[in-house]
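Keep to what can be computed from the atoms.

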Amino acid sequence: MKKQRMLTGLQPTGVITLGNYIGAIKQMVENQDQYDSFLFVADLHSITIPQDKEELSKKTRSLIALYLACGIDPKKNTIYIQSENPYHANLSWLLECNAYFGEMSRMHQFKEKSKKHENFTVGLFTYPVLMAADILLYDTNIVPVGIDQKQHVEIARDIAIRFNKKYGDTFVIPEPKISESGTKIMDLVNPTQKMSKSAENEKGVIRILDDIKVARKKIMSATTDSEMVIKYDPENKPGISNLINIYISLTDKTVEEVEEEFKDSNYGTFKKKVADEVEKLLTTIQTKYQEILNSEELDKILDEGRDKTIEIAKIKYQEAKEKMGFHR
Ligand code: AMP
Ligand code: TRP
């Protein structure tokens with residue numbers, strides 16, 4: 001049976017966190033045989049807000065190396081950089097002329113981001129149409145995204161349905177897949193808040209490329225309670241429960257096994273064990289990351305991804321263009 005096509009884009013901003021790894025990437029790695037998966041860096045999307053031009057391509061390359069280091073297998077995923085394939089921006093224009101100002105004005109992310117930037121660009125406004133092009137170029141069936149992006153996938157659906165009706169069947173209608181099923185990792189300082197890339201206090205967040213000693217320290221000084229019992233109770237003991245979640249995610253043990261293992265231990269001993277597991281994970285990923293980052297292998301993967309996706313996208317783009325009336 002033909003595998004369903006799954007596609008997702010990652011913005012090259014902010015270094016990924018332990019929360020991203022446990023909540024999203026680990027599952028992607030575990031499920032990578034299931035789908036025909038396309039994974040790309042949405043660098044064109046990132047310039048909708050100002051970017052440092054010296055840093056942009058470094059961040060893009062670093063993010064891809066990091067995903068590969070986390071276990072994303074280039075044989076099972078088509079990996080590419082959005083800006084290296086001209087058909088994304090080309091199709092985006094055709095779709096812009098089939099998308100309405102009114103519907104774009106209702107996008108939550110635009111409303112929020114445009115408030116933060118005094119002089120925002122038109123690109124910030126048309127961002128969801130480029131995202132629709134990313135998705136529709138490849139006959140994508142499933143788009144795994146965080147809840148904040150659901151509205152953008154829905155607008156891609158609306159645009160596809162409208163286009164097909166107006167010009168004839170052209171695009172596959174994509175489905176969003178909201179990735180909330182994984183364990184939610186909380187901030188280490190404020191364990192009632194989600195661990196977030198954009199946290200105000202760095203002590204609450206472990207980033208996958210953090211210095212190992214610094215990461216250990218963050219675990220050792222994580223907020224807990226005064227009870228001194230290692231028991232899973234997210235409501236009354238959010239700090240300890242969060243550390244248990246991190247521990248079970250990294251060891252594949254169950255909550256019961258962990259409670260039993262540490263029934264006679266104090267918080268210091270438990271935290272040390274959690275820190276050991278985090279250290280093991282980060283060391284493995286960081287070592288691989290360094291190997292991959294400047295390798296020719298990485299360039300080969302990106303070249304192959306670019307060539308393969310250009311070939312597919314070209315056909316879809318030409319079909320859409322001709323249906324709209326562009327031909328000799
Ligand atoms: P974001 O960092 O918000 O762009 O999210 C990227 C992916 O990581 C999404 O699938 C999120 O659901 C997931 N994710 C982000 N933060 C966490 C967290 N603290 N715990 C679990 N999953 C997370
Ligand atoms: N807008 C997405 C984000 O900020 C990234 C993205 C761009 C994307 N194009 C996409 C995600 C296509 C899924 C499909 O996270």
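In this predicted model, K26 and D252 form a salt bridge whose closest N and O atoms lie 3.8 Å apart.

On the side of domain 1 that touches domain 2, helices α1 (18-30) and α3 (56-69) each contribute at least two residues. By residue type, that side is made up of nine nonpolar, three polar and one charged.

The domains themselves come from a domain assignment of the protein chain: domain 1 takes in 5-183 + 296-323, and domain 2 covers 202-289. Their centres, taken over C-alpha atoms, are separated by 33 Å. Contact between them involves 13 residues of domain 1 and 15 residues of domain 2. About 1,300 Å² is buried between domain 1 and domain 2, and carbon and sulfur atoms give 74% of that area. In domain 1, the residues that lose the most area to domain 2 are V15, L18 and A69, which together account for 38% of what that side buries.

Helix α12 (residues 267-293) has 27 residues and, at 1.5 Å a residue, should span 39 Å; the C-alpha atoms at its ends are 37 Å apart, so the two values agree. At the start of α12, a side-chain oxygen of N266 comes to within 3.2 Å of the backbone nitrogen of G268.

Methods:
Residues are numbered from 1 along each chain as its sequence is written. Chains are lettered from A and ligands numbered from 1 in the order in which they are written. This is a predicted model: local features need pLDDT of at least 70, side-chain atom pairs count only at pLDDT 80 or more; totals for chains, interfaces and linings use all residues. Side-chain values use heavy atoms; hydrogens and water are left out. Domain bounds come from an automatic or database domain assignment. Contact means heavy atoms within 4.5 Å. Buried area is the accessible area (1.4 Å probe) that two parts lose on being put together, summed over both. A salt bridge is a side-chain nitrogen of Lys or Arg within 4 Å of a carboxyl oxygen of Asp or Glu. Helices (H or I, at least four residues) and strands (E, at least two) are DSSP runs, numbered from the N terminus. Ala, Val, Leu, Ile, Met, Phe, Trp, Tyr, Cys and Pro count as nonpolar, Asp, Glu, Lys and Arg as charged, and the others, Gly among them, as polar. The expected span of a helix is 1.5 Å times one less than its number of residues. A polar contact is a pair of N or O atoms within 3.5 Å; within protein, one must be able to donate a hydrogen and the other to accept it, and residues adjacent in sequence count only if both atoms are side-chain atoms.
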